[in-house]
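User: Hi! Could you walk me through this structure?
Analyst: Happy to, let's have a look together.

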Amino acid sequence: MLEEIKQTARVAGYLWEKGWAERNGGNITVNITESLDEAVKSLPAIAGPFPIGTVLPCLKGCFFYCKGTQKRMRDLAEDPMSSGAIIRICDDCASYEIIADKVVMPTSELPSHLSVHNYLLAKGSPYRASLHTHPIELVALTHNRKWMEKDVATRMLWSMIPETKAFCPRGLGMVPYMLPGSVELADATIKVIDDNYDVVMWEKHGVFAVDTDIMSAFDQVDVLNKAAQIYIASRNMGFEPEGMSDAQMQELSTVFGLPK
Ligand SMILES: [Zn+2]
């Protein structure tokens with residue numbers, strides 16, 4: 001099995017253990033085109049073609065591992081090829097075929113995940129993985145207007161421990177509540193990624209993260225949620241945490257060459 005798919009299974013297990021993936025919650029889509037050999041790429045379709053619902057010109061001939069619709073992360077962790085499938089985008093850039101391993105229909109959020117991958121390739125980004133999950137403390141933050149304002153939550157989270165800014169250096173972009181799986185939500189997410197964020201917060205729902213691989217996307221969400229937990233721990237001890245100063249955070253950016 002491909003290393004990327006093994007890594008996806010490990011991440012799915014972490015999501016379940018963290019309590020971020022109740023029932024069939026969350027999605028993973030990984031562009032595995034560059035890891036497949038020609039023999040796999042030329043496998044005949046076992047199902048399809050199926051319409052994507054949109055035209056994605058940069059994805060012609062690309063291959064993705066996608067979590068299956070209604071599939072659980074905890075099951076994917078144990079057997080990724082029974083809870084997900086490898087798909088090939090057809091030459092019309094508007095449909096896909098399933099090539100392996102079983103006929104597992106991809107997530108209903110496939111069009112929005114693929115739209116993000118199309119955007120990333122168009123931009124020349126090295127990012128190949130997208131993750132949607134429900135991190136408890138980060139979602140809780142979005143139930144208060146203050147934290148939905150641009151970069152207010154980012155600043156607070158970065159100020160909890162230095163690693164947060166070092167390992168999630170673009171911060172947390174914000175998207176107001178929109179219907180899950182909608183075109184509007186996908187478009188708003190791409191807009192925030194384009195505004196130089198790797199992790200996008202969907203108000204009262206969850207996060208959408210992109211990175212070079214699925215483990216790195218998970219890590220960015222994990223460090224942000226850890227910071228939210230430290231904030232909450234301080235509040236539970238009865239005080240507002242002081243946080244690192246702007247000068248201390250600027251020093252980190254200068255010394256480590258961070259993008260913000
Ligand atoms: Zn969700």
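Analyst: Helices α1 (3-17) and α10 (residues 214-236) pack at an angle of about 25 degrees, their axes 9 Å apart. Axes are lines fitted to C-alpha atoms, for helices over the stretch in contact, and angles run from 0 to 180 degrees between N-to-C directions. Helices (H or I, at least four residues) and strands (E, at least two) are DSSP runs numbered from the N terminus.

User: So how do α1 and α10 run relative to each other, roughly parallel or antiparallel?
Analyst: Roughly parallel; that covers angles under 35 degrees, while over 145 is roughly antiparallel, 65 to 115 roughly perpendicular and the rest oblique.

User: Which residues make the contact?
Analyst: α1 brings Q7, T8, V11 and Y14, and α10 brings I214, M215 and F218. Contact means C-beta atoms, placed from the backbone, within 7 Å.

User: Is this an experimental or a predicted model?
Analyst: This is a predicted model: local features need pLDDT of at least 70, side-chain atom pairs count only at pLDDT 80 or more, and totals for chains, interfaces and linings use all residues. Residues are numbered from 1 along each chain as its sequence is written.

User: What about domains?
Analyst: The domain assignment, automatic or from a database, gives domain 1 (1-134) and domain 2 (136-260). Their C-alpha centres lie 25 Å apart. Domain 1 puts 25 residues into the contact and domain 2 puts in 21.

User: How many helices and strands are there in the protein chain?
Analyst: The chain has 11 helices and 9 strands. Its C-alpha atoms fill a box of roughly 60 × 35 × 30 Å along the principal axes.

How values were computed
Two residues are in contact if their C-beta atoms, placed from the backbone, lie within 7 Å.
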